[in-house]
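The entries follow in the order in which I took them.

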Amino acid sequence: METDTIVAISTPIGEGAISIVRLSGPEAIKIADSLFTGKSLYDVASHTIHYGKIVDTETNEIADEVMVSVMRAPKTFTREDVVEINCHGGLVAVNRILELTLANGARLADPGEFTKRAFLNGRIDLSQAEAVMDLIRAKTDKAMNVALGQMDGRLSRLIQKYRQELLETIAHVEVNIDYPEYDDVEEMSHELMREKTKEVHDHIEELLRVAKQGKILREGLSTAIIGRPNVGKSSLLNALVQENKAIVTDVPGTTRDVIEEYVNVRGVPLKLVDTAGIRETEDLVEKIGVERSRKVLQEADLILFVLNYNEPLTEDDKQLFEAITGLQYIVIINKTDLKQQLDLDEVNMLAEGRTLITTSLIEDKGIEELETAIANTFFAGEIESGDMTYVSNARHIQLLKQAKQALEDATTSLEMGMPLDIVQIDVTRTWEFLGEIVGDTASDALIDQLFSQFCLGK
Ligand code: GDP
């Protein structure tokens, strides 16, 4: 248990109806009580909320009218005494209350420190703590369901089950080796080991297969908008975002920076990237944009390629078609309100059977069709329901891959007829990799790093 009491503003900074200052630690009640006029917070029942005022003890000035929740250990998020002071929204009141708690013995919490305490005090494991962070960052319902399931310990239970199986196998083999009752004990142990490693290997493989979708749900489908200058890329981005964050202009090549936006298209989160377009250029500033564009293309899950209905296909267009050959893309033929100059047969030939959508962004036409096409591309693939997704966190995916590799190494050793104590090394490594997911075998440095990614006050 930690000995100091931490405090943070747990609601987003800015205007709102209420803000919450949260205290956790052995002195949480004492500190709150010293500032609170109303009932004695020492006497109230746990998990109750009380009306009163927060008063500056030095000046006797009233800081704010508040509702204070008192939650005594151990049935709290951190397993410590927790007090939440609900005050008026806005910056002034909440900051004053924060300062008063600091002046009275609390310490400002590090990012994620409340959740870290919950982890250190054994209330949740590491993957559950990470789920708290995923939940905060979830951009769609689907992503949120995955995080909720993980927070609930769904992944942890599965991982612990596999670890237990590996541990039992290791123990079993040890016993067989130490107390050989039969002559063929070596062979039996090999058989058992092969069976168990295969079983766990297959489970991990399945988790990883579905995890790919979880990653998309969590991080968004990385979507690049490409096309020559002035075809309507920014307009498309704006139409999808329905805000005017990217600059729309008549001067070719003015969208120089790569801008990122998130949109939710029928439950599919798109991470939209508007690029300067790919073409040869002498302009240095533009060149930075172009180089980055090429990189974006390779990393994109989906490409929206915009053409101008009002112009014949140019060399640049053809080069772009070449650049995206084999990638996942949708062709958007924009400016259909203007006179047709584009040879659609030619486009169809270059587009390798990909979906073609016609739009007039200036007249708000075709966006619905485009959204349908995007959603179809996403759902028509192997995307499964959120219930199947246990893993969506990059760190977990990496560790699962390492665990899978270690099991494959074990299988190879088994097939080569290596002695079991050599095979054991790989099985033990697998057990450790899986342990890192839930935090059993995670180092302090890793734990510090993970929690530092949290928002303040969580
Ligand atoms: P970008 O350079 O590819 O990002 O293109 P922009 O989105 O900046 O658009 C370039 C110009 O084309 C702007 O003046 C837009 O208003 C205009 N534009 C975009 N979409 C349409 C459209 O569907 N029809 C017409 N007539 N003009 C459009």
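**Entry 1: a serine in a helix**

I began with Ser413, which lies in helix H13, residues 394-415. I note that the model is a predicted one. Ser413 has a relative accessibility of 9% and therefore counts as buried, the cut-off for that class being under 20%. Leaving out residues up to four places away in sequence, I found Ser413 touching Met418, Val423 and Asp426.

I then turned to strand S11, residues 302-308, and asked how many of its residues are buried. The count is seven of the seven, so S11 is largely enclosed by the rest of the structure. When I sorted the side chains by direction, Leu302, Leu304, Val306 and Asn308 pointed one way, while Ile303, Phe305 and Leu307 pointed the other way, all of them being buried. I set beside this the general rule that side chains in a regular strand alternate between the two faces of the sheet.

I looked up the pairing of S11 next. Strand S8, residues 221-226, pairs with S11 in the parallel sense over four bridges, and within this pairing Ile225 stands opposite Leu304. Strand S12, residues 329-334, also pairs with S11 in the parallel sense, here over six bridges, and the bridge partner of Ile303 in S12 is Tyr329.

In S8 I also checked Thr223, which is buried with a relative accessible area of 0%. Thr223 and Asp301 are 78 residues apart in sequence, yet I read a C-alpha to C-alpha separation of 6.0 Å in space.

The buried residues are Ala28, Ile29, Ile31, Ala32, Asp33 and Leu35.

**Entry 2: salt bridges**

My search of the whole structure gave 22 salt bridges. One of them joins Glu84 to Arg22, with the closest N and O atoms 3.7 Å apart. Since Glu84 lies in strand S6 and Arg22 in strand S2, the pair ties together parts that are 62 residues apart in sequence. Arg22 counts as buried at 9% relative accessibility.

In helix H7, residues 185-219, I looked at Glu191 and Arg194, which are three residues apart, about one turn of the helix, and whose side chains meet in a salt bridge at 3.4 Å, N to O. Both are partly exposed, Glu191 at 42% relative accessibility and Arg194 with a relative accessible area of 32%. Lys196 and Glu199 form a salt bridge at 3.7 Å, N to O, and being three residues apart in H7 they are separated by about one helical turn. I also noted a network of salt bridges that links Asp4, Glu80, Arg107, Glu113 and Arg117.

**Entry 3: backbone and surface details**

His47, with phi of about 60°, has its place in the loop between S3 and S4 and is partly exposed at 46% relative accessibility. Glu352, with phi near 45°, lies in the loop between helix H11 (344-350) and strand S13 (356-358), and is partly exposed at 39% relative accessibility.

Last, I recorded a nonpolar patch on the surface, formed by Ile13, Leu91 and Val92 with about 310 Å² of accessible area together. Ile13 sits in the loop between strand S1 (6-9) and S2, and at 58% relative accessibility it counts as exposed.

Methods: Residues numbered from 1 in each chain as written. Predicted model: local features only at pLDDT ≥ 70, side-chain atom pairs only at ≥ 80, totals over all residues. Heavy atoms only, no water. Buried < 20%, exposed > 50% of the residue type's maximum accessible area, 1.4 Å probe, protein only. Helix = DSSP H or I, 4+ residues; strand = E, 2+ residues; numbered from the N terminus. Patch = residues over 30% accessible without salt bridge, like charges linked within 9 Å, V, L, I, M, F, W, Y side chains within 5 Å. Areas by Shrake-Rupley, 256 points an atom, 1.4 Å probe, with all protein chains shown as cover. Salt bridge = Lys/Arg side-chain N within 4 Å of Asp/Glu carboxyl O. Contact = heavy atoms within 4.5 Å. Pairing = 2+ DSSP bridges.
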